[in-house]
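Reader: Could you walk me through a few contacts here, with the cut-offs spelled out as we go?

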Amino acid sequence: MVTATNLGFPYVGSERQLKKLVESYWSGKITEQALREGYSKIQESHWKVQQEKGLQHIPSGEFTLYDRTLDTIQMLGAIPQRYQNISNPLDQFFAMGRGLQRAATETTAKVDVPSMEMKKWFDTNYHFIVPELEQDQTFQLEANPRVVEQFKAAKALNIHTRPVLVGPVTFLRLAKAAKGVQEFDTLTLLPKVLPLYVQVLNQLKEAGADWVQIDEPILILDLEDKVNAALETAYKTINAETSIKTLVAAYFGRVEKNILSVKDHVDAIHLDLVRAPEELDTILPLLNKNQVLSVGVVDGRNIWINNLEKSIALVKKAVDALGQDRVFVAPSCSLAHSPYSTSFETKIKEKNPELYSWLSFSVEKCAEIVTIAKAVNGEDVKTELDANAAAVESRRTSPQTVNPTVRDRVAKIPAEAWKRPSPFNTRREAQVKKLKLPLFPTTTIGSFPQTKEIRVARQQFNKGTLSQADYDAYIKSQMKQMVEAQEKLDLDVLVHGEPERNDMVEHFGHLLHGYDFSANGWVCSYGSRCVKPPIIFGDVSRRQPMTIDEIKYAQSLTSRPMKGMLTGPVTMMKWSFVRDDIPANELCAQVGLALRDEVVDLEAAGIPCIQVDEPAIREGLPIRRADWDAYLEWSVGCFRLSTSGVRDETQIHTHMCYSDFNDIFDAIAAMDADVITIENSKSDEKLLKIFESKKYPNEIGPGLYDIHSPRVPSVEEMKQRFADMLKYIPPHLLWANPDCGLKSRQWPETNAALANMVEVAKFFRAQHQA
């Protein structure tokens, strides 16, 4: 019989219970024991709901308090030296993820350590902690590996699970040389790591597990021969030294020839047939006798209902080739990238029942997987199939999804609309004359702390207990305080602080046609940080001017330049649950035109600097290099479309988040923003070294400090970092700014860190002007 399986489940809880528990522990409101008891209950509820939906392989071990890669770091004992004096394993774990700054007490020494580097997990908006390793790295398996504990906990509830591990080669391939250590091939550590994986797998077998899922998403990358050799070595060893059945899972793209490195040494292979449906025909003939194929036919990363008819046909093709007992039905990837359940979306259901019928979150996706398996097994699921077919046809033909005016405007974009009319040097001359900024200008990325009071006011307004007039007055008072705070800090280019914005994408989605919003569609971005992406279901256009009133008011409070703040077209798409029924480049152009209208209006309102953030442009880069050029052409083009309607003297800024900036350096330069700010503080100069071989042509602000941590770096620490920047970037092009927006921080640490940053900029300004 075909088996209904899952690869992972949203670990934050049905209503973000884990986030609240973890943050309560960080703030000292609950004990470690209370945290452990709380997350055990969340785990238990997740296993039970999957069991109730009828899944036969339920994952365990993928539940984390911060990040699965960080779990693996701790499991393998790969703890960087700077954290080894933190005696409590849980505090050590969180310190690696978010840093720790703690004064000395009678019983404990002072602790002041930054967090480890964070990067995007392949092409998702999820961030993972990057392992830091040394050539002579020692590894030691933790006493009670979390993956074993979780399997045993589920077993005690009579729920038989399939444990999940981050694969050894993916772990090493994503790792970097520790700070101060000469670059080396981290894969050379595989002989040290493999025995620990063998120990864990044997512990799982002894505990009663019959299958284990080992995630090796690097299989979908363009791999060097040495990586494929490492994969072959790893799974030869695991196959020879363990007796547990192994499923190697690849997802987010096509595996192509990389599958040859593992196929002879594992019991099952998982393919993402949502991203790469064509691979079924390619891989089926390569499978060995008795080998199982896990077919990922339910989209684990988006929120649209599955076309059950098409999925059933795909699964039947696998069954015809292999037989029922050698096929698992699964999501394309872990459902951790999808919200919990549509059962919380009563507002959408009441307001727009048609749209509601098109939605499927994690719990519903589990049901879809089971329905597909039952249909292929010959069970009666006619009721489910009929309802699904009606919803699929409704979405295809609904007038909610098509706006002829928008599509006509996109079709008629003139050639000159795709770039600024003058080159950067001409524009810079006009901007220097107008803005009169000092050397090393200081600014922030946009947002300031979203305090409890701001969130409460927004909630009251949304519930109708605070009037529009009172809410507007409150927001203005917050903007005034934020502008005053920046002037007191002596920042050069100010922002309005974004107190009216709940999220950089959701805020604008409310102001655009074609978007809708969930009440509880949360997904994890990093650590305890969750985001609630908007839903793009129709053609996109601007309802009316979106930011003019707020930015004009903020500019009226100061004589210093104020930045207008917008979210770019690629990020508006990537950080939404995006429609999948039209080409991505066409949808991006729709958003680009809507933003272009806003940029032109901001300039007309007298705003001298306009920031259009594109933190997701690297994230959207296709996995395979063969697909890069086409993506970069339209994504960079859509950014320029949104920003090219202004005069030379209007300074266009953009911001980009943690990414392999070096990979797409030329494309980022082609965006032609006058000023770009980038996240840099965790990269240990790796990001900056590209400037040795290539000169970034415009102005740039590599982040001086990490805003994802509450830690306040000292002036001396920032001076050293700024001096490092000056090795690579000409002084007249260098800005001083934080790594990212300050929304998630508190005011005391924000003021302290920015004061240090301004002091550093003034110090180097004085040096260069002397």
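Author: Met-482, Ala-485 and Leu-489 in α18 meet Trp-747, Asn-751, Leu-754, Ala-755 and Val-758 in α27, where contact means heavy atoms within 4.5 Å and helices are DSSP runs (H or I, at least four residues) numbered from the N terminus. This is a predicted model, in which local features need pLDDT of at least 70 and side-chain atom pairs count only at pLDDT 80 or more, while totals for chains, interfaces and linings use all residues. Residues are numbered from 1 along each chain as its sequence is written, and side-chain values use heavy atoms, with hydrogens and water left out.

Reader: Switching to charges, which residues are linked with Arg-624 in a network of salt bridges?

Author: The network joins Arg-624 with Asp-222, Arg-254, Glu-256 and Asp-627, a salt bridge being a side-chain nitrogen of Lys or Arg within 4 Å of a carboxyl oxygen of Asp or Glu. Arg-624 meets Asp-222 at 3.1 Å, N to O, and Glu-256 at 3.5 Å, N to O.

Reader: And how many residues apart in sequence are the parts tied together by Arg-624 and Glu-256?

Author: They are 368 residues apart, since Arg-624 lies in the loop between β20 and α23 and Glu-256 in the loop between β11 and β12; strands here are DSSP runs too (E, at least two).

Reader: Is Arg-624 buried or partly exposed?

Author: Arg-624 counts as buried at 5% relative accessibility, whereas Glu-256 is partly exposed at 34% (buried is under 20% relative accessible area, exposed over 50%, partly exposed in between, with a 1.4 Å probe and protein chains only). Asp-222 is partly exposed, at 36%.
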